[in-house]
Protein chains: 2
Amino acid sequence: MVRANELTATHALRLMRTGDLSAEGLAQACLERVRERDAAVRGWAYLDPELVLRNARELDEREVKGPLHGIPIAVKDVILTEDMPTEHNSPLYKGSFPTIDASCVKTLRAAGALIFGKTDTTEFASVTRGGTARNPLDPSRTPGGSSSGSAAVVADFQATIALGTQTAGSTIRPGSFCGIYAMKPTWGAINREGLKMLALSLDTLGLYARSAEDLDLLADVFALEDRHHVAPFTLRGARVAACRSPAWDKVEPATRGAFERGIGLLREAGAEVEPLDLPPAFSSLPEHHATVMAGEAHVTFLSEIRAQPELLNEDIAALANNSKDVGKSALLAALDAAAECRIAFDTIAAGYDAVLTPSARGEAPKGTTTGDAALNGIWTLLHTPVVQIPGFKGPSDMPVGLSLTSPRYTDRRLLQVAKAIGPLFESRGSEA
Amino acid sequence: MVRANELTATHALRLMRTGDLSAEGLAQACLERVRERDAAVRGWAYLDPELVLRNARELDEREVKGPLHGIPIAVKDVILTEDMPTEHNSPLYKGSFPTIDASCVKTLRAAGALIFGKTDTTEFASVTRGGTARNPLDPSRTPGGSSSGSAAVVADFQATIALGTQTAGSTIRPGSFCGIYAMKPTWGAINREGLKMLALSLDTLGLYARSAEDLDLLADVFALEDRHHVAPFTLRGARVAACRSPAWDKVEPATRGAFERGIGLLREAGAEVEPLDLPPAFSSLPEHHATVMAGEAHVTFLSEIRAQPELLNEDIAALANNSKDVGKSALLAALDAAAECRIAFDTIAAGYDAVLTPSARGEAPKGTTTGDAALNGIWTLLHTPVVQIPGFKGPSDMPVGLSLTSPRYTDRRLLQVAKAIGPLFESRGSEA
């Protein structure tokens, strides 16, 4: 018998509709799991069980149930919530309790979701020094970051869904490290209002779930729309591009193995898989990403360093002070090159059903630094949708995932592809 | 004897430094002006005189005075303030009081500014149906919008500086209608966090003042940086492009006259003025602006229409429901065309010290609709800095301004140009 907290949202909602599960019951199962596991995983920045249960009961009493009725959703603590503090893991915001919801939280509440608690993040969703959260599969390792707690609590069955953010690889990488599904939608597809800003041209809301169906359910709630009509998808005869990405030199054997195994599984399933070498201009994208992130973060943190410089950690202070000395000419050159590559990539990727590419360098590293976003930054800069699919294992038996991406605003199509590929990778990715 | 509330910030700060004026004294003068004029101008959404005076006294007691010590700054009521409500002129946010400052407000407070009150805006800084504010020069006319109250209270000497926002022409147009200076910096130059979102790729903080020096002072506080070293500027020998803009067919005789007179004054002062015809691709920019604004606003207002559809006015509901039926292909085509025009415009405009172009169709219209942003949207889409310079008059003796623009991230240089051109237009623009 599966415990309710282990269900996907799609499965739980089926039981809710037949009366076999209530929002309160699901909340209680998740809270029980938190009690068992929080000392090891430490994924929560704020969690008030009384508030959770009160809200769950209130949802159960509603006559009209929403499409996410009672689904426990963990929220990265850089995203505003009207009934919980939002502290950004920063002493500057200790006890800060703005009484408004971020736009995404408001949309989820309107769909009947149960906003469960706030999750651990690296400071301001920036830097790679971790917060408190540990990888639930091996507490000596990082869950990745900056959306550390969000990935960890979903992987550990303490919440069903979680929200993260991504400016470089802050959603996709933790998804790979923790062995769950993650999605970075097209830049602009979901309103970002109420998310702490890091870099204006890069910041994107991220989604965590334990199935591609659950991501598709969230895509419904957030009204994601594609540029084209979404046709049915089958793996047999599908065209998949295998893109090593401009950061392939950073890839470790664990990811290299997953990539080769993934290609093999797709071919076995009847898909055509072709290697995709991106045009030469794309090889500068990792550098452009770094330039845009530094150049924009310099503007972002002006207010914090002016207001309370003594409370800012040295890495954030370095961003605020533009320690990389990114000038506005360099920023514009990077932004403009990215704009041109976006147009080019949409055309290239339109020739495939999806582009397969690494999610991370390898397995989750030991220790508390959250790992390297080298494999993610270029897709964030290109604004394309990315879905991380779990299923592979590295030499330490830790999860390794692969990413699917596609042209901007083909998020729904990409989720169709992910729904077909996900079960394949999950069932056979780690076969010996 | 000039009353303190009539001083520019630059002038007031000089008197503060010599001990001839205090923050409290300046605040009292502004509050007195509010008492005299608020019934006619109706520019404030929230103003608590006790809070203002308490904060002014606290600033006067500080040992170290900031670069904006005691300068009264009015804040458009779509910008978060930790000590005042933020209601967006929407019943959905009636009484909403999130206890955080927008990034820009935090930066201003850190500089010693006196955050004075919240100003009237059209609902969510969107739509053209006005709020309560009236044009201080003729209460039967609009001050423009959506930053209606911010422009009105600065023009009426009730505050020294004000913050607005611009997604189409919401800062520059009211500046023209009210006869004051206004600035829309380069997109991305000032952190937008804590401003209500309307359109992700367009929204920009706007600034109001009664002199170009005051705008430059704000540029210091916001640490605006140019792409190049800023060389000294003199009008004699300067090269100015006169750009009628792709929306010239909307221009009324008042603006046509101001444009011709402005060109004549620049030539008299020794500048070379050349007509600038933009390349054919630019003629689609007004349409692209409309597409981006509608396509992005559709995403922005999802949460509001899901949460409380009954409290959303019909124009905002139409945006949320994408009544213009802007698809994602059209959105991307507009975004990508704009990205290419940005690169082209920077090259074109680099050949001039500034580009002169209309700020509005003509004088402020009668009634409460806030006028047409046709002349502003393309610059907002191009992300260039724009400074509105007052000085001209139309047939009804109402103010008409002209805009200066220049390549992205040449804001500081543009302010040097504005400091030279402003006094010329102000002193001689309305000569018979």
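1. **Conventions and confidence.** Residues are numbered from 1 along each chain as its sequence is written, while chains are lettered from A and ligands numbered from 1 in the order in which they are written. Because this is a predicted model, local features need pLDDT of at least 70 and side-chain atom pairs count only at pLDDT 80 or more, whereas totals for chains, interfaces and linings use all residues. Here pLDDT is the predictor's confidence in each residue, from 0 to 100. Chain A has a mean pLDDT of 97, with 100% of its residues at 70 or more. Within chain A, the lowest confidence falls in helix H11 (residues 314-320), at a mean of 95, and the highest in strand S5 (residues 181-184), at 99. For the complex, the predictor gives an ipTM of 0.97 and a pTM of 0.98. Helices (H or I, at least four residues) and strands (E, at least two) are DSSP runs, numbered from the N terminus.

2. **A covered strand in chain A.** Take a look at strand S6 (residues 204-209) of chain A, where 6 of its 6 residues are buried. A residue is buried if 20 or more other C-beta atoms lie within 10 Å of its own, exposed if 12 or fewer, and partly exposed in between, with C-beta atoms placed from the backbone. In a regular strand the side chains alternate between the two faces of the sheet. Thr204(A), Gly206(A) and Tyr208(A) point one way from S6(A), and Leu205(A), Leu207(A) and Ala209(A) point the other way. S6(A) pairs in the antiparallel sense with strand S4 (residues 161-166) of chain A over 5 bridges, and with S5(A), also antiparallel, over 3 bridges. Two strands count as paired if DSSP finds at least two bridges between them. Leu207(A) is the bridge partner of Leu163(A), and Ala209(A) that of Tyr181(A).

3. The largest nonpolar core has 293 residues, and Ile73(A) and Ile73(B) have the most contacts inside it. Such a core is a set of buried Ala, Val, Leu, Ile, Met, Phe, Trp, Tyr and Cys residues joined through C-beta atoms within 7 Å. Domain 1 (4-221) and domain 2 (239-428) of chain B both give residues to this core, so it lies between them; the domain bounds come from an automatic or database domain assignment. Not counting residues up to four places away in sequence, Ile73(B) touches residues including Leu108(B), Phe116(B) and Leu163(B). Ile73(B) also stands opposite Ile115(B) in S3(B). Strand S2 (residues 72-76) of chain B runs parallel to S3(B), joined by 5 bridges, whereas strand S1 (residues 44-46) of chain B runs antiparallel to S3(B), joined by 2 bridges. S3(B) has 6 of its 6 residues buried, so the strand is largely enclosed by the rest of the structure.

4. **Backbone spots worth a look.** Most residues other than glycine have a negative phi, and most peptide bonds are trans. The peptide bond from Gly145(A) to Ser146(A) is cis, with omega near 10°, and so is the bond from Gly145(B) to Ser146(B), with omega near 10°. Ser146(A) sits in the loop between strand S3 (114-119) and helix H5 (148-155) of chain A. Phe157(A), in the loop between H5 and S4 of chain A, has a positive phi near 65° and is buried, with 21 other C-beta atoms within 10 Å. Tyr409(A) has a positive phi near 55° and is buried too, with 26 other C-beta atoms within 10 Å.

Definitions and conventions: Two residues are in contact if their C-beta atoms, placed from the backbone, lie within 7 Å.
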